[in-house]
Structures are given as structure tokens and as C-alpha cells.
Amino acid sequence: MRRIVLSVFVAAAAVVSLVALLGAQAPSPAAPPAQVTFAKDVQPILEKSCFSCHSADLKLGELDLSTRDAAVAGGAHGAALVPGSADRSKLYRMAAGLDQPKMPMQGDALKPAELAVLKSWIDQGAIWETSVSFAKDIQPILASSCLNCHGDALQLSKFDLRTRESALLGGQHGSDIVPGNAEQSRMYKRVAGLEKPSMPQQGTPLTAEQVAKVKQWINDGAKWDAPAMSSAAPSPASSASANAAVAALMERPITEQERNYWAFKLPVQAPPPVVANKNLVNPVDRFLEKARVDRGLKAAPRADKNTLVRRAYLDLLGLPPTPAQVEEFVSDSRPDAWESLIDTLLASPHYGERYGRHWLDVARYADSGGFEYDIHRPNAWRYRDYVIKSFNQDKAYTQFITEQLAGDEMDYKTQDSLIATGFLRMGPRVLFREKDNPERRYDYLDEILGTIGKGMLGLTVNCARCHNHKFDPIMAKDYYAMEAAIFGYVETEYPLAPPAEAEAYLAKNEEITNKVEALRLEIEKIEKPYRDKLNLEQVKQKYPEHIYAAAAKPESERTPGEQLLATQVLTGVRASVVEVEALMTPAELARKKELRAEQTAVLRQRPKPLPMAEIVTDGDHRFQPLALGDNTISCPKCRIPPAEGGSFIHKGPAPYKVPASYFLIRGDVESKGPQMKPGFIGVITNGNPPTEIPRPDGHTSGRRLALAQWIASPQNPMTARVWVNRVWQKHFGKGIVSTLENFGKMGAAPTNPELLDWLAVEFMNRGWSTKQINKLMMMSEAYQMASVFNDETNTKNDLENNYLWRYRPQRLDAEIVRDSMLAVGGNINLTVGGEPIFPNIPEDILQGQYRGKWDNTPEGPAAWRRGVYVYRRRSLPYPMFDTFDHPDLNAMVGARNVSTVPTQALTLLNNPFVLSEARWLAERVGREAADPYTQVELAYRIALSRAATETEISIGMDLIKKRSLESFTHVVLNLDEFLYMR
């Protein structure tokens, strides 16, 4: 008996000691506020630290803290809330660390002040204010006045009022409900008419009593004591309201004034003006002269022949002329000498390298994908060579456009036309774990539409992705109609071989891939029970019991919250192959070995690789084969195949069917409106062009072909204007419309609209030939004017030279700076086409680049090719090009930026490539001229296409004698005149 009593006393003492110890370890609560209220003081704590795991939707530990009754009822650990006694309430004890496990399990622990508030509130009786009932007072208001636009059918401005969580997330304008503060809540201010637009936009405004209830409800903490709301079965009136809201988003009437905007009307070729100067016979000059005379401007005289020949070579070829080529033109006294020079240059294979590079800026050409992984695209260069070849062939611009948008759909498709479709996939792409991020698809579509819009149509079409265009009459409906026109596109590869050989190659590879996949699935089936068992054991070791219980349940028995929890933890664990095989039976191991051997044998049957082109055709992106990173599943629901079935590339006898595309409310991929049919931009569509052109083989939809033919039509007012304006900018340094990619209202007005329209019509009349427009512009007196010409009146009346009273000097493009140095050094490799090169980048820079490709090409002829062939890596542009304003490789670029910054001078002074080319030029000059005088003279003729003045010869000779010939040639490469086309 004594032994029992002693044990009781020892146990009691131990309990007292344990309580004292726990009390000593708990944080000392700070003083609570004078008056504690649930809505103002307690609910924010629960929302921050508790509701993510203990809500009506997710009751971890069987505990729901969304209502007072549920909190009092408690969960698996007992009473969470004992009104009047914080010390007996698990909610407080676990938050304070007095009971285990300490809460919250994830995130920051409660601060002393928050613990004091929680303790004081419970000790005061845990009063849970319910003066305004959500279910009784607020839910009816939302159902009658709000859910039509912010419920199941629509979530305008991305604001969703179906659940408290979605409501508190707010919409695209930020937080719409601020619990505890109605005055800062956009929802209250709009229903009260304190902020525009007032809500609801359609229907009867809220009564004063309803507004007061909304205000009080928000001030009380915006409690939500009802299940998620739905507008799944709306009344006829509410359905009509929702449909009206969608219709308002999709389109609006186009006014007559908007239709009469100059760019939206078809160009008209007015007769060239009659001018006093009868020597001006070129229509270009007559339009320009009229504009000059109207503004009191006088044209500059013609430039000397040395300047003109250098200008022509740099403009059309991107290469300086040799002294022999300069001498040939200067000594040619024939009346057609200039025209003959232009014809010769236009026929050069290097013309395509120069003018093709201009288009590559538009096409956002690069050899890597960009973003974090910047994945190498091994065959992207074939598109670059296609562009160069097309310009050299003077391919009609209409055909050039059609091949790039629909080269796989043309009646007479070729390898070139298939390669051309690389335009559609040339923009930045993540190319990693694409299957787990289906929303990227819409970003890629938007990028393509933005490039087509700005590059071909001179319109910012993608501004209409989320709403009607703010400035131009481009409807969101137009945007999604154009998206529907390209929605079926998929990115694939095609062998560059005769058609029969190419098809056989693809079929064989597909057969092998299917066999290997079937064997993989059989292996996976054998391993599955063991892998599942091991994965669950890892979950049990890493997570609390209730989480393990959710993961261990059969999927069909899990609640939605448990399903979410199980998915998160199970995708975060993976048993190793060694662990799995340790549990397998000898028979299963033997079978797995056999299957692996079969896989190896099948893979050996793959045919020898053929040259491949990265192309686009129609298909269903949802069935795209596994790619980089897709072996890991981070989004299980994203991998659920469409119920209707399908294939990545359509090959069946039945006609191809485009996957459904939808009008996205506010651009949100989760807010689908009506299904869309293909179409175009209404304000620039004339007549009734087809939106689909059925294809004989039925393998594609013909939608992209219809889009291409609409763009490349004389009935499209934008296309010809945009292209001739771009060509004008290349020749004269500034477009007639200076914003090359934006002819809309926010773009610049044309300085000479009559000339622009005349050129556009002339371009179409000449078979959409770019070379003929090149020649027409270069044959003008305006192109042959001097750039050095000062006139006070001209400067006063047209400081920016908008009306071309003198030629605009142009800084050479980044690639041409390098090409010119190689050319004058005499070591340039002029091979046309082929795989890209990698000019030297210091190893210390490359070591910091842990992803992406850059393999320095050894110094020599292979590395001395033209700049157009330098590898374009999005995450690491070639530094010298970057310094001289190479365009952003992630976006469509109309006109390149031209800057003057210290790093350019430092590059010219210190860059190893520049120093090397100065040495090459010095050796060339030294071989051909023996004394300093003739060396200076020859260096000027090689580098600047002119003779040196006596002063320049004197300064050069002095430098050669005091320093070296190499120091002098280095100075020549640094001259402003060397870097500019003048």
C-alpha cells in the first residue's frame, strides 16, 4: 500500500514538474490590446496561420476552424476551443508550443503579440461576432447582383466570388476585399458608387440597406459561413445578363471615323507631283521635293562617287568595297554606271545575307530556346539559310509570307516551304516540362500573333488578348479569331530527304518509339506495387500521421483536400531503382532484365539519322510526345489525356479536325467563353476572304493558309505599306512611319503618306519584288545626296531631317562592324550558309553559364565567317554584338536601337578580336606598301574607300614612326567614319 501511495506522489510530482517545464518553454505572451474582437484581431491570425490546413475544404486532423461551432467541436487532438479557458484550448496550447505538435506546422510561428490576442480572446469567451450573417444577408446579394459576372460562367477582371479564398485573392486590379476594412475594399467602394465603374454594371443597383450590410460584413472580417456558391443553374434573366457581358467583351461597333483612319484604307497610287526641278524624274524624288518645297527646305547636292560606292556596298551587302571595286566605279563615266553598280550588288549572293538579316530581326531568330534552360536548337539555322536564299532569289513577298505561315499547306510544298514554317516556332520557348505547364501554350500563341501583327501588319494585335484594344479598333474577338486560325499548329521535325524516304524514316522511328514505350510500361507495371509501397514508407517517415493516412487511402476514397495533400507528398518522393529491385522476386527481376534487353535491341534498329528541319504543321498539341523533363510529373492533372482521344500528328483517312479554341475571358486560360471560329481583323478586312482552305490530303485544316493569303493580299491595306516602309528605313535610316511595328493611333504619323501609298501600290504592281523596290529607292536623287550639308534655314525648319533634305548617316549594325573589320583585314571567309559559328568568348564568362551551348570555334577561317552566321544564344548574346546594339533575341524587332556608350569605345580599344584585325590589316598594308606614306594612303583606301588628305597622311606617318604600323591600323578601325555608312 505504501509503495502505491509513493508512486502516486512521484507521478504527481512529475506532472507538476512537466507542466512547469512546458510553461517555462512557452513564449511569454505580450500584453493583449485593450479590446479584442474576432473580426479585427483574431480572424487575421487564423487566416494567416491556420485556415490553409483547417478549413471547411481541408480539415487536417479532422479540425475545421471556419466557424465557432466547428472550432468548439474540435478534431483528432480534442477540443480546439474551450470558451473562457485558453489553457484548456488546444488551439492556444499548440500555437504556444505547450502541446505537440506545435502549430502552425509550416510557416512562421505566432508572434508573442498574436499569442496574447489569441489567449485573451479565448479567456474572454471566444466571442465570434455574427451580427451580419453571410448566408442570410450577403450570399443573396452576391447571387442576385454579382455572380453573373464573377461566378461560374464568367470571372470578369479575374475576380471570382464563388469562394472566400478566390474572393480574397482579388482580380487583375489587386485586392477587392480587405477583411476588416471596407473603406479600402474595392468591392464595397464600387457597390456604394464611391469608385467607378459602379457595380453591378448591369441590373439594379444595391439598395442602401444592402450596401450597409456589405460594409459591415467586410468590417467584421468578411466571414464566409456557407459553402462555395455556384451560378450553374442561372435564371433566364441572369443567363441573358451573362451573355450580354461576354458579348460586350468580345466586340464593339467600329465607328466610321475609325474606319477612315489612313492606315485602314487601301493605299491609292496618286500621280507623282509636278515639281519645278525637271531633273527629278524618279517619282520618289518628286514626292520628296514637294514636301521640301512646302516647308522651305533645300536639298543637299549629290555625294561624291567614293562615298556613293561605299554607301551602296555597305547598304546592300554589308561589306565595304575593295580599292579595286572603288576604282572601277569611280573611273566608270557611263551614264548608267550607278544603275549598273546597283544591279551587280543586287545579284550578289551576299545581298541575301544583308537583307535576310533584317528579316531575321523581325522573325526573332535564335539558335536557342531562351528562358532558364536556354535549350539548344540544332536545326534552327536552316530557317536562317532559307531566309537568305529567299532574298537572293527575290522571292515574291507574298510567297515569302505564305511559306512561313503555311508552307506545309501549300499546293506545291517543298523542303524550303517546310523549313520556312520555322518562323512560327522561332520565338522563345521554355522547352522543359511543357506537359506540366499547359498555360504556356497560350503564351506561345500570343507571341506568334504579336510577331505576325507587328512584323507583317504593323499592328499591336496582342494588345487585344485580355480586352478590346485600347486605341485601335481591334476587338478581343479579332484576336481569338486569329488565334483560332493558328491554334492547330504543333512543332515537330521533318527529314530533309525525298518524300518517300522521309515518310519511311518517320514511320520506322515512330514504330520503334511505340515499341520502346510499350516495354517501358510493362516494366513500370512490374515495379509499381513495390514502388508504391516504398513511396508510402517515405511519406510515413517524412510527414505526420494524418498526412500519411491521406496518402495511404485509395484514391477513390479521398476527400478533395486529402487528394490535394496526397498528390503533393507523393510527387515529392521516389524510391530508387535499387530499393525497388531489392523487393522484387527472382522471376520479376529476370523478366525486367529481358524487357530491358528487348528495349536495347529495338533501339538498335533505329535508322541512320537524316538531316532534319524544325517545322510546324497541324496536329493536337495535347498529345505531344514526352520531351525534356517530362519524365518527372509535377502536375498530375495536366497529364490526363482528353476524353475524345486523338493524335499529335494527324495521319488518318478522315479529315483533320482542329482542337477547339475558345474566347478567353480577360485572357484567362481558366475562363473559357464561346468556342471560336477562325477569322481576321475586321477593320482591315475587305470583302469576304475564306477563313479555311480545305487541303486535298486532309492532314491540315487550311486555316493558316487562309490567314497567309489574307495577309498577302492586295486587299489588305497594311501588308505592302509595312514592308516598303521597312525597306525605306534600311535605305534612309528612318521609316516614313518611324514606328515600323505600329501603324496604329499610338504609332507615329507618316511624314509623307502620299509617297508611302505610292510605293506600296508600286511594290504590288511590280510583283511584290523587294529587289525592284531596293533599286527604285537607290536610283533616287534622295539616296545619292550628300550627308555632310549644312543649311541654317533647313535646320530651323526641319531639325530632325524628317523630310530628307540630306542623307542620314547610319551607324553600321553590330554584325557589319565585325564583317567590315574582317573584310579590310583580308581574312574574311565569305562562304554562304551552313551551321553557326561560335566566335571566342572568354572561358571565365562561359564557366558562369551552366546551361546553354557555346563551343568556341578555333581561330581560323571557320571562325572568320560573316556575323549573320554567329550562333544566336538568347541567354548569352555574343558580347561584341551586344555592345553594338544587337537586337533583343526574345522579341520581334522593327528597327534596331542605336546607342553611343563608353563600352563601345572600350571594345574598339581593347577587344582581342579588334586587336587581331588591326594586326591583319597592318600585315596586308605592309605587304602591299613599303613606306609610311603609301601605307597610310593604302590603309585609307582599304578601310574608308577614299584617298587620305595630306593632314591625315602626316598624322598617320608620325604614328607609324613613333609606334608601329599596327598602332596606326588600330586607330583606323576606331575612326567614326569606319563605323558609319555616310
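Mentor: Helices (H or I, at least four residues) and strands (E, at least two) are DSSP runs, numbered from the N terminus. The model is predicted: local features need pLDDT of at least 70, side-chain atom pairs count only at pLDDT 80 or more, and totals for chains, interfaces and linings use all residues. Residues are numbered from 1 along each chain as its sequence is written, and side-chain values use heavy atoms, with hydrogens and water left out.

Trainee: Where does P104 sit?

Mentor: P104 is in the loop between helix 4 (90-96) and helix 5 (112-123). Its bond to M103 is a cis peptide, with omega about -5°.

Trainee: Which residue other than glycine has a phi near 50°?

Mentor: R364. It lies in the loop between helix 17 (349-362) and helix 18 (381-392). R364 counts as buried because its relative accessibility is 2%.

Trainee: What is the phi of S945?

Mentor: About 65°, positive although S945 is not a glycine. S945 lies in the loop between helix 38 (932-944) and helix 39 (950-962). At 2% relative accessibility, S945 counts as buried.

Trainee: Which residues of helix 36 meet helix 40?

Mentor: Contact means heavy atoms within 4.5 Å. A905, L908 and L909 in helix 36 meet H970, L973 and N974 in helix 40.

How values were computed
Buried < 20%, exposed > 50% of the residue type's maximum accessible area, 1.4 Å probe, protein only.
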